[in-house]
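Hello,

Here is the structure I promised to pass on to you. Have a look at it first, and then read on for what turned up.

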Amino acid sequence: MEQQHLRDFNSTGFQIDLVNWFLENQRDLPWRESKDAYRVWVSEIMLQQTRVETVIPYYQAFMREFPTAEALAEAEEDRILKAWEGLGYYSRVRNLQTAVREVVEKYNGVVPDTREEISTLKGVGPYTAGAILSIAYGKPEPAVDGNVMRVLSRIFIIEEDIAKPATRKIFEKILYELVSKENPSAFNQGLMELGALICTPTSPGCLLCPVREHCRANQKGVQAELPIKSKKKKQTSKQMAAVVVRNEKNEVLIEKRPETGLLARLWQVPNIETNIGDNQEEILSKMMLEDFDVSIKVGGQIQQVEHVFSHLIWNINVYEAVVTGKASAETATRKWVKTSEIEQYAFQSHIRRLSNSLS
DNA sequence: AAGACGGGGGG
DNA sequence: CCCCCAGTCTT
């Protein structure tokens, strides 16, 4: 089936220019040192919605601790969450371990090399499947991420809204024909590298672009108007109160978050949502007594934390307090920990910084 | 088709 | 303050 966007398009010339540019100008990145499918896989999961510079140190540490699929399959969940601490989207690493365990058990430790099989793995969507298949196995499969949609929307002047899920399929359809059959790995990575280094969201560097002669947006001077992307709705905010409670041994009370949902299974200090004008000290004391069976005396506010998610903001006032009566026993999800032990637990980033400031 | 799910950097 | 980033899963 002939692809409309590819009519009068020099596909071969485009492939050659893009691949040659990538082979000569690609960045030196740790996950490019090996084509091992497990290593490629880990890097692709980490890179989802996350910048290259952020990922580099996490990737290196992760590979030292979990060098093989078997090593990751056998790891404790607390260890993998700790390795992911600060990276965000924590379900990525839990899904990765689930999927790696399936690879070890069902595929004898070998990452499958067909889109059909690899797509059944937890956390491996259409982009990641294409990335692993092309980079690790040299298969001519499309790998459409945000970069690729931006680059191709400019090259072919595609005005579909890239915020809509259905739009991704338009780019995949083009790529099934356009992807280089000689070097799918360099072609796909080249498209992404181009988006990261040259064909950037604002003010693309068309004068430096290796494929500007193939670019219809550049020919018409409309590259800055593309891609079309609808806005997300704006944020809402919530008032919160949190408390650092210490017992007579100067230990701090922490609890594990629920199994699912926001920041699932990470650790935190006790906290509660409040309304404007509430007496937060009083609410915290009551909550500690009712939910934790611990009576406390609140000393005062020690910090104010603004916790920003994509769609909501938590404004958290953090208080310090001491136990006045008996302290309840520990459970699997509630612990009294020495300050020096806190670093062993995985926290959300703002809480990590707070715990680092405790003495 | 729309929300949920993190965090950091840049204009 | 808003947008963006090597997306996927759930509803």
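How do the residues of the surface near DNA strand B divide into nonpolar, polar and charged? Seven are nonpolar, 11 are polar and three are charged. Please keep in mind that this is a predicted model. Around DNA strand B there are 21 residues, and those that come nearest are Gln49, Gly88, Ala166, Gly261 and Gln348.

DNA strand C has its own surroundings, made up of 32 residues. The closest of them are Leu47, Gly125, Tyr127, Thr128 and Asp145. By class, this surface near DNA strand C holds 10 nonpolar, 12 polar and 10 charged residues. Four helices each supply at least two residues to it: H2 (37-47), H8 (126-137), H9 (146-155) and H11 (184-197). The largest share comes from H11, with five residues.

Now for the protein as a whole. Chain A has 359 residues, of which 35% count as buried. Its secondary structure comes to 14 helices and seven strands. Taken along the principal axes, the C-alpha atoms of chain A fill a box of roughly 80 × 50 × 30 Å. If you look at contacts in chain A between residues at least 6 apart in sequence, 66% of them join residues at least 24 apart.

Seven residues from domain 1 and eight residues from domain 2 take part in the contact between them. On the side of domain 1 that touches domain 2, helix H5 (residues 77-84) gives the largest share, three residues. That side of domain 1 divides into two nonpolar, two polar and three charged residues.

Some strand pairing may interest you too. Strand E2 (residues 252-256) pairs with strand E7 (residues 334-337) in the antiparallel sense, over four bridges. Here valine 252 has valine 337 of E7 as its bridge partner. E2 also runs antiparallel to strand E3 (residues 267-268), and two bridges join them. Glutamate 255 has its bridge partner in E3, namely glutamine 268.

That is what I have for now.

Best wishes

Definitions and conventions:
Residues are numbered from 1 along each chain as its sequence is written. Chains are lettered from A and ligands numbered from 1 in the order in which they are written. This is a predicted model: local features need pLDDT of at least 70, side-chain atom pairs count only at pLDDT 80 or more; totals for chains, interfaces and linings use all residues. A residue is near a molecule or strand if its C-beta atom, placed from the backbone, lies within 6 Å of it. Ala, Val, Leu, Ile, Met, Phe, Trp, Tyr, Cys and Pro count as nonpolar, Asp, Glu, Lys and Arg as charged, and the others, Gly among them, as polar. Two strands pair if DSSP finds at least two bridges between them. Two residues are in contact if their C-beta atoms, placed from the backbone, lie within 7 Å. A residue is buried if 20 or more other C-beta atoms lie within 10 Å of its own, exposed if 12 or fewer, and partly exposed in between; C-beta atoms are placed from the backbone.
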